[in-house]
Amino acid sequence: MQGLNQKVWGCDKKSELVLEFRDYVLSQYGLNDLVKDNETLSIILISRPKINKDGRKLNRVLKNEDELISAITSAISYVKIERVVLEKLDMESQIKVFQKSDIIIGVHGAGMANIIWARSGTTVIEMFPQRK
């Protein structure tokens, strides 16, 4: 992730407005940046259902989430991976999940906007669907 204190794509300045918004929301929930346990690598995988509530098939989903989690856990012994379905979490829970993560993995979409809550230095892996 480009840190929140770094330049935003296409801009030549730090985004002070974004930082102020982030700080304001965190203060309203009484949340500060969490002190991270350095013993464990914390990864969240943003999961989306393959079918939405209306029964419509969603295109931007990871088809091999289980295989991805398995590959990561077998390669890194000190990792904790949490599969997160954001629509099942309230706002405060979403903020906490993103704050405690070292790496965020997800498919391009609205859920990735939550990276605003991530700590500076968090790595973001955002995948885009293959164009047909």
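This is a predicted model: local features need pLDDT of at least 70, side-chain atom pairs count only at pLDDT 80 or more; totals for chains, interfaces and linings use all residues.
Local features need pLDDT of at least 70, side-chain atom pairs count only at pLDDT 80 or more, totals for chains, interfaces and linings use all residues, and side-chain values use heavy atoms, with hydrogens and water left out.

Now, pLDDT is the predictor's confidence in each residue, from 0 to 100. The protein chain has a mean pLDDT of 82, and 76% of its residues reach 70 or more. Over residues 1-9, pLDDT stays under 50.

What does Lys 96 form with Glu 92? The answer is a salt bridge, with the closest N and O atoms 3.4 Å apart. By salt bridge I mean a side-chain nitrogen of Lys or Arg within 4 Å of a carboxyl oxygen of Asp or Glu. Both residues lie in helix α3, four residues apart, about one turn of the helix. Helices (H or I, at least four residues) and strands (E, at least two) are DSSP runs, numbered from the N terminus. Glu 92 is partly exposed too, at 28%.

The structure holds five salt bridges. Another of these joins the side chains of Lys 100 and Glu 82, at 3.3 Å from N to O. That pair links distant parts of the chain: Lys 100 sits in the loop between α3 (91-99) and β3 (103-107), and Glu 82 in strand β2 (residues 79-84), 18 residues apart.

Are Arg 119 and Asp 102 buried or exposed? Both are buried, and they form a salt bridge with closest N and O atoms 2.9 Å apart. Glu 65, Asp 66 and Arg 83, meanwhile, are linked in a network of salt bridges.

Finally, the inside. A nonpolar core is a set of buried Ala, Val, Leu, Ile, Met, Phe, Trp, Tyr and Cys residues joined through side-chain atoms within 4.5 Å. The largest one has 15 residues, and Ile 95 and Trp 117 are among those with the most contacts inside it. Helix α3 gives the most to this core, with three residues. Apart from this core lies another, of 11 residues, including Leu 45 and Ile 81.

Key. Residues are numbered from 1 along each chain as its sequence is written. Contact means heavy atoms within 4.5 Å. Buried means under 20% relative accessible area, exposed over 50%, partly exposed in between (1.4 Å probe, protein chains only).
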